[in-house]
Amino acid sequence: SPCGRMCAIGFADGNVRVIELDEVTRDETRRRSAMGATVAFLSTSHGGRPITAMVWSVNSKTLYAGSDKGRVTLVSCEEFVRWCDEGRMGPKPAVVNKTEYTDADSGVHQLDSSKSDSNLLMSAQSSVKLVPVDGENCGVVTNVGSKQREGAYGSCFHDYAALSIDEDQLVDEEDVEVLEPQVAIGDRGRDKVEGALLDDDR
């Protein structure tokens with residue numbers, strides 16, 4: 001996870017397990033008793049189908065997992081993250097074993113969460129779908145692009161910058177102007193990715 005406190009594991013039988021990693025720095029002593037303790041576990045949500053893609057939200061509170069049949073589950077680890085943020089005081093939160101889910105139309109190859117954690121991007125065998133996971137349009141699935149895809153291609157969120165640079169060119173970050181957030185989509189037989197403009201930084 002981005003916070004470094006958890007590790008997610010997807011299995012060929014459809015199980016998804018999130019385990020605890022010790023919150024330690026180089027100056028702290030590892031507490032081996034907590035290493036590997038289960039934070040969340042899903043055993044039936046993917047119907048026994050292999051897990052093919054996973055991604056954490058930027059704030060580490062949510063894990064998304066997709067299968068080869070197109071089901072994408074949402075696992076909330078928010079209580080565990082809050083417990084850690086509060087110094088691990090009081091009882092440890094119960095293991096999460098419930099989920100929400102949505103279905104893509106084909107096997108999932110890649111998942112990506114936007115920087116604001118407001119949108120999920122699902123790259124499947126035949127399409128790319130954008131799913132708001134926060135706000136008034138939460139859960140409303142939208143296709144990105146109009147053509148059907150056929151292949152294990154990915155997609156991701158990225159910021160479109162106003163400055164194009166060579167690989168060996170050093171540039172000060174202050175000189176790069178971020179214009180608009182977009183979705184980059186890979187496809188067969190193309191040297192470049194397509195960009196789908198989003199309305200805001202979500």
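Which residue in S6 does Tyr64 stand opposite? Tyr64 stands opposite Leu74. The model is predicted, so local features need pLDDT of at least 70 and side-chain atom pairs count only at pLDDT 80 or more, while totals for chains, interfaces and linings use all residues. Residues are numbered from 1 along each chain as its sequence is written, and side-chain values use heavy atoms, with hydrogens and water left out.

**Confidence**

- The protein chain has a mean pLDDT of 78, and 71% of its residues reach 70 or more; pLDDT is the predictor's confidence in each residue, from 0 to 100.
- Over residues 161–165 pLDDT stays under 50, and the model has eight contacts beyond four places in sequence for them (contact means heavy atoms within 4.5 Å).
- Residues 175–180 also have pLDDT under 50 throughout, with 16 contacts beyond four places in sequence.
- Where pLDDT is low, the predicted coordinates should not be read in detail.

**Sheet S4-S5-S6-S7**

- Four strands form an open sheet in the order S4-S5-S6-S7, with antiparallel pairing. Strands are DSSP runs of E with at least two residues, numbered from the N terminus, and two strands pair if DSSP finds at least two bridges between them.
- Strand S4 (51–56) and S7 stand at the edges with a single partner strand each, so one side of each has no neighbour in the sheet.
- Neighbouring strands of this sheet are turned by 20 degrees against each other on average, direction ignored; the axes are lines fitted to C-alpha atoms, and angles run from 0 to 180 degrees between N-to-C directions.
- S5 (residues 62–67) and S6 (residues 71–76) pair in the antiparallel sense over five bridges, and Gly66 has Val72 in S6 as its bridge partner.
- S5 and S6 form a hairpin with three residues between them, and Gly70 in the turn has a positive phi of about 100 degrees.
- S6 also pairs with S7 (residues 100–103), in the antiparallel sense over four bridges; the bridge partner of Thr73 in S7 is Tyr101.

**Sheet S8-S9-S10-S11**

- Another open sheet of four strands has the order S8-S9-S10-S11 and antiparallel pairing.
- Its edges are S8 (108–113) and S11 (142–143), each with a single partner strand, so one side of each is left without a neighbour in the sheet.
- S8 and S9 (residues 119–124) pair in the antiparallel sense over five bridges, with Leu120 in S9 as the bridge partner of Ser113.

**Largest pocket**

- About 400 Å³ of space lies in the largest pocket. On a 1 Å grid over the protein atoms alone, a pocket is an open set of points with protein on both sides within 12 Å along at least five of seven lines, and lining residues have an atom within 4 Å of a point.
- Of its 21 lining residues, Tyr64, Leu74, Glu100, Val133 and Cys138 are the closest to the centre.
- S5, S6, S7 and S10 (128–132) each supply at least two lining residues, and S6 gives the largest share, four residues.
- The lining divides into nine nonpolar, seven polar and five charged residues.

**Cavity**

- The structure holds one cavity of 30 Å³ or more, where a cavity is a set of grid points at which a 1.4 Å probe fits but cannot get out.
- The largest cavity contains about 50 Å³ of space, a volume being the space filled by probe spheres set on the points.
- Val39, Ser76, Cys77, Glu79, Phe80, Lys92, Pro93, Ala94 and Val96 line the largest cavity.
- Six of these lining residues are nonpolar, one is polar and two are charged.

How values were computed: Ala, Val, Leu, Ile, Met, Phe, Trp, Tyr, Cys and Pro count as nonpolar, Asp, Glu, Lys and Arg as charged, and the others, Gly among them, as polar.
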